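Please keep the 3D view open and follow along topic by topic.

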Amino acid sequence: MSSKDTLKETPLSVLARTNLTRYLDERTKLATANAPRSDFSSGPDALRGLKPVLLDSESQTFMDALVLMQSVQVQAMPLVRYKTQPNGAYDALCFLSVGDLVSTLIDAVDKADIDASRVLPAMGRLAAVGLELESLPLKKCRTKWDGTVLWRAAAMTHTLADALQICLYISHQSLPGSMQLRQCPHRFAVMNDDNFITHVVSQSDMVMYLHTNRELITELFTNATIADLGLCNTVGVVTVGASTPTVDCFREMERHRVGAVAVVDEQSRVLLGTLSESDITHLHGGASFASLALPVGEFLLHSRPDVSPWMPSDVDRVAPVHPKSSAYAVVLSQHARSFVVSCRPSDTLTDVL
């Protein structure tokens, strides 16, 4: 190993050298530089990275959460209860995530006893469920514990490595691919002395930090493959057939406690795409919940505005397809590479970052 390499570090040591205050200052500067040149009145998307968008448990609804999460492109937002309005002091309750919205949806669907195998009747029933959920106050949504015990855990004197262990419960003993890591919080809130939330830091933020500082990490790690690092050990990858009703795919996520499922063509077993908890944010207005009765392959096709729903001719197809595959499976198979971000066990850490 060269003297230059000996000065490089492990991913954890890079995080350990970064103070949380310094990191948040740098992130705010970057967000400010990339923000639209306005007074930030153009909507929640203009605030991404500058200030957290809060959800009011009393006055805002299930549909408000869907719209805001899609607008800001996040998977969770702090849920608060205001003591004084508007925008006054508040009690921070927890994070409300897309997974919580999916859980609330599945509870409502189960209560309505909807038979998803009968598509047209199911569409009507699901639209009715959607109209009820549309106005459901957020205080009545199911929420997990994510965040409730962590509000004061993040101190500005901590490092990012401290945050992993103290706020996200990821210790030095945590093993790659372990089931316990699935239940760890994916984000934490940073609060000031007035108990106001000033920042939200997610696991994705730390991945991005490692990516932008990867030149500091020794090549023993950056050139190590995913297999070498033990990152191929995750068990329980859940797959669903393209003809599975979309609502049942969300139910499978609940049952297996995962955030996404792989969608495959039943005939060829080709991977067509993924459905994740975040896809619930495609639903705007209660009547749009009727689309959850559609086969998931068709739901994915209609949720991608850049893909034409027309069946490609034989001469235009980029890959062989099974003669018994459904029309939407054939269309999706032509675009699968752009729908699914994937890696191989032989790819390096740098590739994945």
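Thr 143 touches Leu 79, Cys 94, Leu 96 and Asp 100, leaving aside residues up to four places away in sequence; contact here means heavy atoms within 4.5 Å. Thr 143 sits in the loop between α6 and α7, where helices (H or I, at least four residues) and strands (E, at least two) are DSSP runs numbered from the N terminus. This is a predicted model, in which local features need pLDDT of at least 70, side-chain atom pairs count only at pLDDT 80 or more, and totals for chains, interfaces and linings use all residues. Residues are numbered from 1 along each chain as its sequence is written, and side-chain values use heavy atoms, with hydrogens and water left out.

**More on Thr 143**

- Thr 143 is partly exposed because its relative accessible area is 37%; buried means under 20% relative accessible area, exposed over 50%, and partly exposed in between (1.4 Å probe, protein chains only).
- Thr 143 and Cys 94 are 49 residues apart along the chain, and their C-alpha atoms are separated by 7.9 Å.

**The chain as a whole**

- The chain holds 15 helices and eight strands.
- Of the 353 residues in the chain, 44% are buried.
- Among contacts in the chain with a separation of 6 or more, 65% join residues 24 or more positions apart.

**Helix α4 and its buried residues**

- In helix α4 (residues 62–72), the buried residues are Phe 62, Met 63, Ala 65, Leu 66, Leu 68, Met 69 and Val 72.
- These buried residues of α4 pack against the strands β1 (55–56), β2 (76–82) and β3 (90–97), and also against α5 and α6.
- Gln 73 follows α4 and has a positive phi, near 60°.

**Helix α5 and its two partners**

- Two packed helices are described by the angle between their axes and the distance between the axes.
- Helix α5 (residues 98–112) and helix α6 (residues 119–134) have axes that come within 10 Å and cross at roughly 130°; axes are lines fitted to C-alpha atoms, for helices over the stretch in contact, and angles run from 0 to 180 degrees between N-to-C directions.
- That angle is why α5 is oblique to α6: angles under 35 degrees count as roughly parallel, over 145 as roughly antiparallel, 65 to 115 as roughly perpendicular and the rest as oblique.
- On the α5 side, Thr 104, Leu 105, Ala 108, Val 109 and Ala 112 make this contact, and on the α6 side Arg 125, Leu 126, Val 129 and Leu 133 do.
- By class, the residues where α5 meets α6 are seven nonpolar, one polar and one charged; Ala, Val, Leu, Ile, Met, Phe, Trp, Tyr, Cys and Pro count as nonpolar, Asp, Glu, Lys and Arg as charged, and the others, Gly among them, as polar.
- The axes of α5 and α11 also come within 10 Å, crossing at roughly 115°.
- Gly 99, Val 102, Ser 103, Ile 106, Val 109 and Asp 110 of α5 meet Val 247, Phe 250, Arg 251 and Glu 254 of α11.
- The contact of α5 with α11 divides into five nonpolar, two polar and three charged residues.

**Loop residues with positive phi**

- Most residues other than glycine have a negative phi.
- Asn 195, in the loop between β4 (187–191) and β5 (197–202), has a positive phi near 65°.
- Asn 195 counts as partly exposed because its relative accessibility is 37%.
- Arg 257, in the loop between α11 (246–256) and β7 (260–264), has a positive phi near 55°.
- Arg 257 is exposed because its relative accessible area is 58%.

- Thr 225 lies in the loop between α10 (219–222) and β6 (239–241), and Thr 225 counts as buried because its relative accessibility is 17%.
- The Thr 225 side chain reaches the backbone nitrogen of Asp 228 at 3.0 Å; a polar contact is a pair of N or O atoms within 3.5 Å, and within protein one must be able to donate a hydrogen and the other to accept it, while residues adjacent in sequence count only if both atoms are side-chain atoms.
- Thr 225 also touches Pro 345, Ser 346, Asp 347 and Thr 348, not counting residues up to four places away in sequence.
- Asp 162 belongs to helix α7 (residues 160–166), and a polar atom of the Asp 162 side chain lies 2.9 Å from the backbone nitrogen of Thr 159.
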